[in-house]
Amino acid sequence: MAKKRKETNYRLVVYPDSWRKDDSYACEELKKDIERHVDGFSNIEINSDTIHYCEFCKTEWSDEEMNDGDVGACCKRDAESVEELHRLAQKKAEKK
Ligand SMILES: [Zn+2]
């Protein structure tokens with residue numbers, strides 16, 4: 001008996017307009033529009049990816065790009081905030 005191949009579990013993946021892709025509310029609205037106007041499906045789910053980014057410069061966070069000397073900082077403002085946290089921690093430790 002030879003192994004056979006069969007495609008199964010067909011489904012559509014709907015990609016929203018670029019202006020909606022980072023907005024969960026906009027995707028909920030699109031989902032409601034599809035549910036209201038389209039027949040022939042049993043379920044629509046909204047999925048997303050998770051990224052980590054710097055709160056200061058908004059670039060995507062990558063631990064690999066950081067050097068040991070960078071004290072885990074992404075950019076100048078992040079480095080300043082890390083140094084400030086270290087200063088505060090030292091002050092706290094000195095008070096004890
Ligand atoms: Zn940054």
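Modeller: Lys58 lies in the loop between H1 and H2; helices here are DSSP runs of H or I with at least four residues, numbered from the N terminus. This is a predicted model, where local features need pLDDT of at least 70, side-chain atom pairs count only at pLDDT 80 or more, and totals for chains, interfaces and linings use all residues. Residues are numbered from 1 along each chain as its sequence is written.

Colleague: What makes Lys58 exposed?

Modeller: A residue is exposed if 12 or fewer other C-beta atoms, placed from the backbone, lie within 10 Å of its own, buried if there are 20 or more, and partly exposed in between. Lys58 has 9 other C-beta atoms within 10 Å, so it is exposed. Its phi is near 65°, a positive value in a residue other than glycine. Most residues other than glycine have a negative phi.

Colleague: Why is Asn9 called exposed?

Modeller: Asn9 has 4 other C-beta atoms within 10 Å, so it is exposed too. Asn9 sits in the segment before helix H1 (24-37), and has a positive phi of about 55°.

Colleague: Why does H2 lie largely in the open?

Modeller: Of the 20 residues of H2, the number buried is one, so H2 lies largely in the open. Across the protein chain, buried residues make up 2% of the 96 residues.

Technical notes: Helix = DSSP H or I, 4+ residues; strand = E, 2+ residues; numbered from the N terminus.
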